[in-house]
Amino acid sequence: MTIVTLRVNGASHEVDIDPATPLLYVLRNDLELRGPRFGCGLGQCGVCTIIVDGAAVRSCTIPASQVSGEITTLEGLSTNGMLDPLQQAWIDEQVPQCGYCQNGQIMTAKALLNQNPNPTDIEIRTGMEGALCRCMTYYRIQAAIKRVVQGAVVSATPETDQGADV
Ligand code: FES
Ligand code: FES
C-alpha cells in the first residue's frame, strides 16, 4: 500500500491504496464519486471517462498512482451551483435513455470542446467515437453538442434541481 495524492474537482485527496488500483475504483469507492461508471474495464466502452488536464481519460485502465494532473469528474462540471452548458444541453435535448453511458458521453464531449470549441459535424462524430451507447442516443448527443457550439442552450438550471448525475 502507498499514499497517493489526487487533485479531483479542485480539491486534494490522500488515499492509501495498492499502487496498481485503477483510478476508477478510487474515484468511486474511496472518494464516492459515482459519475464515472464501470462497464468493460478494458478501456473500450468509455463509460468510465474522466478528464485529466483537459483531456479525456479512461479511468478503468490507468492506475491512480500514475495520475498527477487535475482530475475532473462529472460532479466537477458544474460551477457556482449551475450546470455546465453541456449538462443543460443534455437536458434540453432529452439525450439519455437508460443513462448508463451518459457520463462517458458528456465527459468525452467536454474534452472535445476543450480542444476544439467549434467542431464541425464530422469532427463531433470523430471526437465522440469510442463512447459507446447501447441505446443509440448518438443523434441526440450530436444535437446537444451542437447546441453548445451554437450558443443555443435554452436555460441554466441550478444543479440542485437536477442532481450531479445528469
Ligand atoms: S469501463 Fe472504462 S472504457 Fe469501459
Ligand atoms: S443511454 Fe443507454 S447506453 Fe447510452
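Where is Asp53 found? Select the loop between β3 and β4, and Asp53 is there; helices (H or I, at least four residues) and strands (E, at least two) are DSSP runs, numbered from the N terminus. This is a predicted model, in which local features need pLDDT of at least 70 and side-chain atom pairs count only at pLDDT 80 or more, while totals for chains, interfaces and linings use all residues. Residues are numbered from 1 along each chain as its sequence is written, and chains are lettered from A and ligands numbered from 1 in the order in which they are written.

The phi of Asp53 is near 50°, a positive value in a residue other than glycine. Asp53 counts as partly exposed because it has 13 C-beta neighbours inside 10 Å. With C-beta atoms placed from the backbone, a residue is buried if 20 or more other C-beta atoms lie within 10 Å of its own, exposed if 12 or fewer, and partly exposed in between. Next, select Asn80 in the loop between β5 and α2. Asn80 also is not a glycine, yet has a positive phi of about 50°; with 6 C-beta neighbours inside 10 Å, Asn80 counts as exposed.

**Strand β1.** Move to β1 (2–8). Seven bridges join β1 to strand β2 (residues 11–17), and the two run antiparallel; strands pair if DSSP finds at least two bridges between them. Leu6 has His13 in β2 as its bridge partner. In this hairpin, with two residues between the strands, Asn9 takes a positive phi near 50°. Strand β5 (residues 70–72) runs parallel to β1 and is joined to it by two bridges; here Arg7 stands opposite Glu70.

**The core.** Select Leu6, Ala64, Met107 and Ile145, which touch the most other members of the largest nonpolar core, a set of 42 residues. Such a core consists of buried Ala, Val, Leu, Ile, Met, Phe, Trp, Tyr and Cys residues joined through C-beta atoms within 7 Å. Domain 1 (2–76) and domain 2 (85–161) both give residues to this core, so it lies between them; the domain bounds come from an automatic or database domain assignment.

**Helix α5.** Finally, select α5 (138–149). Ile141, Ala144, Ile145, Val148 and Val149 are buried in α5. Seen down the axis of α5, its buried residues fall within an arc of 145° (taken from the directions from the helix axis to the C-beta atoms), so they line one face of the helix. Just after α5, Gly151 takes a positive phi of about 65°.
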